[in-house]
Amino acid sequence: MALLIKNGDIVTVGAREKADIYAEDETITRIGKNLEAPAGTEIVDASGKLIFPGFIDPHVHIYLPFMATFAKDTHETGSIAALIGGTTTYIEMCCPNRNDDALEGYKLWKSKAEGKSACDYAFHMSVTKFERETPGQLREIVADGTTSFKIFLSYKNFFGVTDEEMYQTLTLARQLGVIVTAHCENAELVAQLQAKLLSEGKTGPEWHEPSRPESVEAEGTGRFATFLETTKATGYVVHLSCEPALRAALAAKERGVNLFIESVIPHFLLDKSCAERPGVEGMKHVMSPPLRAEHNLGVLWRALNRGLIDTVGTDHCPFDTEQKLLGKDAFTAIPNGIPGIEDRVNLLYTHGVKRGRLDLERFVDAASTRPAKLFGLYPRKGTIAIGSDADLVIYDPDYRGVISAKTHHVNNDYSGFEGMTIEGRPSVVTVRGKIQVKDGKFIGERGRGRMLKREAAYF
Ligand SMILES: [Zn+2]
């Protein structure tokens, strides 16, 4: 069915315009004043609302076997939560570990999403070892439209790669024109510090941050950058959390390394005191890299507004209270992760745009346009233009609400952002021309989401 959205205030990177948008067959076909539509067209009045391109979360975990358990969401629950929060596309980390076969893992991750997701999706393919068959397998995966890799410098002997494997992965990625995303923490230092702290009887969640201090992340970021410089590959640091790591990344950019930076919503809004709360309350705020000392939050906001930090993702990774308690005797056994898929856009709008820390256009860029460009989805996604998919967020800036696990849609019994106010939320969300969400309720078609096949980018 055709869709006409009237009288909205359209915000894209580089343009702002009051106009109507007409979509048919999943695609935007006309943008202009006083558009007419054939009988039977669904009409939405967007007076007083902002219209954004559908938001893209470049870093989520939906299906994830990790730390002796599984993340709580399925693609059914995760995609509905995403859509209610204005995210119309997410890129999931496909994460087989070192003991798994990469190609079998890729097929398994795809099977978990197919026919289940209500929003569109893609994958970053994790490379967690580099063996004789790895290049052939990765070529097959790239040919299937998954044109970004993920490596972990941390999580030794599970997800983590050695320096040799990092070199091999980056060399192949350079040949294939594939961008490599990286979790940058020094695995050896983390392992040593964890053992030292535990041996001193320091077992609570408040010791998680000291076991992976800022210097450990800065080292990982700098080393990744040096390997990019040497191999001429293009890289993307995921969830950069602190000033020393930012300095390492910016220094590399300044000397011409092809490096992009993502930070995730918890690191803009929460500091390490959350993980220092006693017992399970602290455990709920354990993620890696950890929540940091408070002064880092302002550093990240300023770098984001200047475009030095390219994108904002979530690292959405829900483990419930019972799962977090797996780490009651040792912080090293707390499943790492904080959910955020539903709240990212509203929190970024409220605490960024409304609080004067983030320009409106940069908000759209960081949460939609730049992820689309970096990961081969643009201009199909990430903008509002003729020929683009009709993924639209009609945003109500007058809405007022409070985030709570009691009302959220993520399959988890707590929210890391419990009690935070939001000033704005999506009023209508469409996926390829179909209304999926209205006023905080999913009213659309389950399983509508498609895997997005992407071209290699050749930066
Ligand atoms: Zn992650």
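A crossing of two helices is called right-handed if the near helix is turned clockwise from the far one by less than a right angle, and left-handed if the near helix is turned anticlockwise by less than a right angle. The views below are taken from a predicted model.

**View 1. Helix α4 crosses helix α7 in a right-handed sense.** The axes of α4 (residues 163-176) and α7 come within 10 Å and cross at roughly 45°. Angles under 35 degrees count as roughly parallel and those from 65 to 115 as roughly perpendicular, and α4 and α7 are therefore oblique to each other. The crossing of α4 past α7 is right-handed, and the residues that make the contact are Met166, Tyr167, Leu170, Thr171 and Arg174 on the α4 side, with Phe227, Leu228 and Thr231 on the α7 side. Sorted by class, the residues of this contact are five nonpolar, two polar and one charged.

**View 2. Helix α7 also packs with helix α8, at an angle of about 15°.** Here α7 (residues 214-231) and α8 (residues 243-254) have their axes 7 Å apart, and the angle between these helices makes α7 roughly parallel to α8. The crossing of α7 and α8 is right-handed. From α7 the contact takes in Glu214, Ser215, Glu217, Ala218, Thr221, Gly222, Ala225 and Glu229, while α8 contributes Pro244, Ala245, Ala248, Ala249 and Ala252. Seven of the residues in the contact of α7 with α8 are nonpolar, three are polar and three are charged.

**View 3. Helices α2 and α3 cross at roughly 25°.** The axes of α2 (residues 102-113) and α3 (residues 134-143) come within 9 Å, and the crossing angle makes α2 roughly parallel to α3. In this contact Ala102, Leu103 and Tyr106 of α2 meet Thr134, Gln137, Glu140 and Ile141 of α3. The residues of the contact of α2 with α3 comprise four nonpolar, two polar and one charged.

**View 4. Strand β9 pairs with both β6 and β10.** Strand β9 (residues 87-94) is mostly covered, with eight of its eight residues buried. The pairing of β6 (residues 55-60) with β9 is parallel and extends over four bridges, and within it Phe55 has Thr87 of β9 as its bridge partner. The pairing of β9 with β10 (residues 120-126) is likewise in the parallel sense, over six bridges, and there Cys94 stands opposite Met125 of β10.

**View 5. Eight strands form an open sheet with parallel pairing.** Read across the sheet, the strands follow the order β6-β9-β10-β11-β12-β13-β14-β15. The strands β6 and β15 (311-313) stand at the edges with a single partner strand each, so one side of each is left without a neighbour in the sheet. From one strand to the next, the twist averages 30°.

Note on methods
Residues numbered from 1 in each chain as written. Predicted model: local features only at pLDDT ≥ 70, side-chain atom pairs only at ≥ 80, totals over all residues. Axes fitted to C-alpha atoms, helices over the stretch in contact; angles between N-to-C directions. Helix = DSSP H or I, 4+ residues; strand = E, 2+ residues; numbered from the N terminus. Parallel < 35°, antiparallel > 145°, perpendicular 65-115°, else oblique. Contact = placed C-beta atoms within 7 Å. Nonpolar A, V, L, I, M, F, W, Y, C, P; charged D, E, K, R; others polar. Buried ≥ 20, exposed ≤ 12 C-beta atoms within 10 Å, placed from the backbone. Pairing = 2+ DSSP bridges.
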